[in-house]
Amino acid sequence: MTGEKNLQTLLASIHPVLREGEYVYVLWPHGKPLAAGIEAAVREAEGLTVVLPRDEADRLGLAYDFVAAWITLQVHSELEAVGLTAAVGKALTDAHISCNVLAGFHHDHLLVPVADAARAVEVLAELQAESRNQPRPELLLRNETEADRAAVLALTAEAFAISPATGLPAEGEPVEVEVLRQLFECDEYLPEFSIVAVLDGEVVGHVISTRGWVDGHELLGLGPIGVTPRLQRHGIGSALMNETISRANAAGESGIALLGSTEYYPRFGFVPATSLGVRPPEEVWADNFQLLPLAVWPGGVHGTFRYAGPLARM
């Protein structure tokens with residue numbers, strides 16, 4: 001059977017399929033007979049590298065570091081085809097997903113970090129759709145409703161499973177989930193500033209801003225903001241931030257305060273709050289407490305920022 005060589009046709013037909021199980025690379029012991037479970041092998045000057053199921057490697061007591069998910073591109077590509085690996089690699093690189101490629105006679109196979117498997121399949125499906133000149137699903141930004149709350153809390157639990165403060169896995173339910181529950185019910189809740197991002201009918205992101213104050217002057221306190229992990233670094237968080245800022249300006253709000261990354265939020269215009277005379281609720285937050293002065297920022301606002309009750313107790 002002759003394989004396909006045309007790059008556009010290849011990309012439009014890649015049809016990524018995720019195999020079951022987890023796979024590892026191991027250095028096969030010299031002189032040991034090959035086991036039946038080996039999926040691929042490469043001989044190098046330093047020895048024989050094999051790919052096999054993780055369970056099999058554990059059974060044999062073989063050491064490994066990288067645990068991968070296995071994705072097969074179902075398109076039958078010609079070995080002489082030019083550009084397929086580069087296009088697939090670029091799409092995954094742009095999504096910050098590492099990839100190891102195995103070329104078979106009929107198909108190409110990708111081994112990606114197991115934690116990125118779902119996201120990698122989605123990136124490849126989007127690449128396929130683009131090559132077919134099919135439009136990407138449109139991201140819808142709208143007000144959160146009570147019917148959205150179960151989905152919002154679930155994605156928040158996923159988004160904060162690794163604590164942004166410590167970089168470590170959260171023990172039990174992330175604290176942000178309970179804070180969000182309370183924000184939905186508190187007096188400072190502002191319905192027009194609780195925004196969901198919806199893709200193909202699924203709630204994939206959420207941001208909330210609630211009423212805050214500095215010495216009696218009303219501001220917005222933003223947070224938490226969350227995006228479902230498989231879609232992070234895909235522009236959804238930025239879309240939620242830009243929508244919040246646009247709504248805040250339209251509503252005549254004077255500023256937005258938040259506690260967050262000094263690498264991420266300055267791109268939206270946030271500056272250290274202390275540079276505008278606004279102190280954080282806790283002095284230890286000073287380095288990461290930021291403020292965005294909006295179109296009607298009055299100047300001369302000085303004092304300590306006070307969050308909505310649930311955030312103030314966090």
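Author: The account below begins with a strand and its partners, passes to a pair of helices, and ends with some backbone features. The model is a predicted one.

The strand is E7, which spans residues 108-113. Of its 6 residues, 6 are buried, so that E7 is described as mostly covered. E7 is paired with strand E5, residues 67-73, through 6 bridges, and the two run antiparallel. In this pairing Leu 73 stands opposite Asp 108 of E7. Strand E6, residues 100-103, is also joined to E7, here by 4 bridges, and again the direction is antiparallel. Here Ala 103 is the residue opposite Asp 108.

The helices are H3, residues 84-94, and H4, residues 117-131. Two packed helices are described by the angle between their axes and by the distance between those axes. For H3 and H4, the axes come within 10 Å and cross at roughly 125°. An angle over 145 degrees would count as roughly antiparallel and one of 65 to 115 as roughly perpendicular; H3 and H4 are therefore oblique to each other. Their crossing is right-handed. On the H3 side the contact is made by Ala 87, Val 88, Ala 91 and Leu 92, and on the H4 side by Ala 120, Val 123, Leu 124 and Leu 127. By class, this contact has 8 nonpolar residues, with no polar and no charged ones.

The backbone features concern other places in the chain. His 15 is not a glycine, yet has a positive phi of about 45°. His 15 lies in the loop between helix H1 (7-12) and strand E1 (16-18). With a relative accessibility of 45%, His 15 counts as partly exposed, because the exposed class begins over 50%. Asp 200, likewise not a glycine, has a positive phi of about 55°. The loop that holds Asp 200 lies between strand E9 (194-199) and strand E10 (202-214). Asp 200 has a relative accessible area of 66% and is therefore exposed. Finally, a cis peptide bond joins Gly 223 and Pro 224, with omega about 0°. Pro 224 belongs to strand E11, residues 217-227.

Terms used. Residues numbered from 1 in each chain as written. Predicted model: local features only at pLDDT ≥ 70, side-chain atom pairs only at ≥ 80, totals over all residues. Heavy atoms only, no water. Axes fitted to C-alpha atoms, helices over the stretch in contact; angles between N-to-C directions. Parallel < 35°, antiparallel > 145°, perpendicular 65-115°, else oblique. Left-handed = near helix turned anticlockwise from the far one by under 90°. Contact = heavy atoms within 4.5 Å. Nonpolar A, V, L, I, M, F, W, Y, C, P; charged D, E, K, R; others polar. Buried < 20%, exposed > 50% of the residue type's maximum accessible area, 1.4 Å probe, protein only. Pairing = 2+ DSSP bridges.
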